[in-house]
Amino acid sequence: MAKPKAARRTLDSYTVKHINKTVRAGDCVLMRPSDSGKPSYVAKIERIEADSRGSNVKVHVRWYYRPEESIGGRRQFHGSKEVFLSDHHDVQSADTIEAKCTVHTFKSYTKLDAVGNDDFFCRFEYCKCEMPYNPDDLMVQCEGCSDWFHPACIDMNAEEAKRLDHFFCEGCSSEGQKKLQNSHTASKHPDTKVDTKRRRR
């Protein structure tokens, strides 16, 4: 008979002893890579969990990718400290956290007086297909999580996407399904909230 899975509880915060830093959900961190020859992984903590005794602490993270880790690879226009927020979620031991870091918006990054080892910036976000945002492509934004999606990745065509008044992705829909409210007056009001959603940062 299978052993019942031990109950786990969510922690508001956790102090990583070997760096003497307290982390919380929403913090960005550097995590130890499996290959010691690679740079630390950049991640955003989404949830912290521990077992009933408060040990075996795990962090639920969403990874940032460096340009060289993306499908297109590093390009000339990418900054040395640039990262992309991916749709890749994972669970890792809290002990693999090496440091806290900050992922700035592009605008706030350019205003830094000095860039430290723990400073990064993100001007692109990934669709769930893990391709970086392209301003020439039509994309729609979820009103819940602010993530961006190609129409084809959410089972829509471009014309359907242009007619949207509102869009909630599967993760943000209370029904657990895409919550789409198609406009019946799109022809009268072409400037809908979602329209082509060219990003302006």
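In the predicted model, Glu49 has a relative accessibility of 16% and therefore counts as buried, the cut-off being under 20%. The residue is placed in strand 5, which covers residues 41–51. Beyond the neighbours within four places in sequence, Glu49 is in contact with Arg8, Arg9 and Thr10, and likewise with Asn56, Val57, Lys58 and His60. Tyr14 stands 35 residues from Glu49 along the chain, and the C-alpha atoms of these two residues are separated by 9.2 Å.

Side chains of opposite charge can pair when their charged atoms come close. The pairing of Arg47 with Glu49 is a salt bridge, with an N to O distance of 3.2 Å, and Arg47 itself, at 34% relative accessibility, counts as partly exposed.

The structure holds seven salt bridges, including one in which the side chains of Asp51 and Arg53 meet at 3.7 Å, N to O. Within this pair, Asp51 is buried, with a relative accessible area of 10%, whereas Arg53 is exposed, with a relative accessible area of 69%. Another salt bridge joins the side chains of Glu159 and Lys162 at 3.9 Å, N to O. Glu159 counts as partly exposed at 46% relative accessibility, as does Lys162 at 36%. Elsewhere, salt bridges that share partners join Arg8, Arg47 and Glu49 into one network.

Note on methods
Residues are numbered from 1 along each chain as its sequence is written. This is a predicted model: local features need pLDDT of at least 70, side-chain atom pairs count only at pLDDT 80 or more; totals for chains, interfaces and linings use all residues. Side-chain values use heavy atoms; hydrogens and water are left out. Helices (H or I, at least four residues) and strands (E, at least two) are DSSP runs, numbered from the N terminus. Buried means under 20% relative accessible area, exposed over 50%, partly exposed in between (1.4 Å probe, protein chains only). Contact means heavy atoms within 4.5 Å. A salt bridge is a side-chain nitrogen of Lys or Arg within 4 Å of a carboxyl oxygen of Asp or Glu.
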